[in-house]
Amino acid sequence: MCSDFAYSELMRPSTGGENKEILIINSKQRLYYNVHDNGLTYSINGPRRMELIGRYPSKSRRRKARPFGYTIVIDNQDTIYVNHSYQVNRRLRSVQRPNLYFTYSGNYFFNLSSGRHDIQILPGEEQKLNTLIRVLGKEFNGSSDQRRNLMPAISHAPKHINSGNREIDYYELTHANPLQVMAEGPGTLKITSRLAFETWMGSRAIYRISVKEGIKVIGTYYFTAEPSAVSTIVEKPEWIPGKWRTCEIPIPDGRHIFDINLLENDRTVFLRFTEYR
């Protein structure tokens, strides 16, 4: 698939990009944007492979890991919470704010399908300073993608979520019953999740999914969901599926086994897995 990619292009916000920052990295100038309270909005034509490069400013040069993050909203539907934690890179400097230090980069990737897409990048919670973001896009021939749905190694029979005129298979994930999926790279594993809203739950809920390979934590993904007005769970009509949320996991070359865990012990999430190569 890599041979179908063009060069990386710097994406510029359509709104919210007035507050810019130029970092000197390896003697080269790189343009970043501050993710301020109103966020950044991008209007992008797909298909594209998107790369988001995030860094966090620090007033101290200590090599202590700084947690930071941001939220991606795609077409006002798909919400992705990105969380990083990186040490300060003392060699980086800002043209605008030379007295600050900045972390090593946290990179996040996702694919956009064909057509026009509106991308919002919103600030993370409880951050004293604004995350810096640099958005790159690579065009590719979407029709050349190899895509297949994956079945977890050990799980119950899939549940069926009715959305419009389609019934889609999802696999049940609880704190007591994690899932394990095998994928082959290089490529990307896309995990689509839908929280099950039970009668005791309100109109908004949070859940966290942890992805590990062996003892290595690939990522912990935070989601906020609302009930869907157009979907039902065939086997559990008393539950209401939440609006779908996704995260994407880079798959290195070779075969890999990922363990997926739900960190909350009082709720149920339904997952489906798609491998892109």
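**Figure 1. Salt bridges in the chain.** The predicted model holds 10 salt bridges, a salt bridge being a side-chain nitrogen of Lys or Arg within 4 Å of a carboxyl oxygen of Asp or Glu. Side chains of opposite charge can pair when their charged atoms come close. Residues are numbered from 1 along each chain as its sequence is written. Because the model is predicted, local features need pLDDT of at least 70 and side-chain atom pairs count only at pLDDT 80 or more, while totals for chains, interfaces and linings use all residues; side-chain values use heavy atoms, without hydrogens and water.

**Figure 2. The network of Arg204, Glu226 and Arg245.** Salt bridges link these three residues in a network. Arginine 204 and glutamate 226 meet through their side chains at 3.0 Å, N to O. This pair links distant parts of the chain, 22 residues apart: arginine 204 is in the loop between β16 (179-197) and β17 (205-213), and glutamate 226 is in the loop between β18 (216-225) and β19 (231-233). Strands (E, at least two residues) and helices (H or I, at least four) are DSSP runs, numbered from the N terminus. In the other salt bridge shown, glutamate 226 meets arginine 245 at 3.1 Å, N to O. Arginine 245 lies in strand β21, so this pair ties together parts that are 19 residues apart in sequence. Arginine 204 is exposed at 55% relative accessibility, whereas arginine 245 is buried at 3%. Buried means under 20% relative accessible area, exposed over 50%, and partly exposed in between (1.4 Å probe, protein chains only).

**Figure 3. The pair of glutamate 264 and arginine 208.** The closest N and O atoms of this salt bridge are 2.6 Å apart. Glutamate 264 sits in the loop between β21 (245-262) and β22 (269-276), and arginine 208 in strand β17, 56 residues apart. Glutamate 264 counts as buried, with 12% relative accessibility. Arginine 208 is partly exposed, at 28%.

**Figure 4. A surface patch of positive charge.** Arg61, Arg63, Arg90 and Arg91 gather in this patch. Patches are made of residues with over 30% relative accessible area and no salt bridge; like charges are joined within 9 Å, and nonpolar side chains (Val, Leu, Ile, Met, Phe, Trp, Tyr) within 5 Å. Lys and Arg count as positive and Asp and Glu as negative, with His and the chain ends not counted. Arginine 90 is found in the loop between β8 (88-89) and β9 (93-94). Its relative accessibility of 31% makes arginine 90 partly exposed.

Conventions:
Accessible areas come from the Shrake-Rupley method with a 1.4 Å probe; for residues, only the protein chains shown count as cover. The place of a charge is taken as NZ of Lys, CZ of Arg, CG of Asp or CD of Glu.
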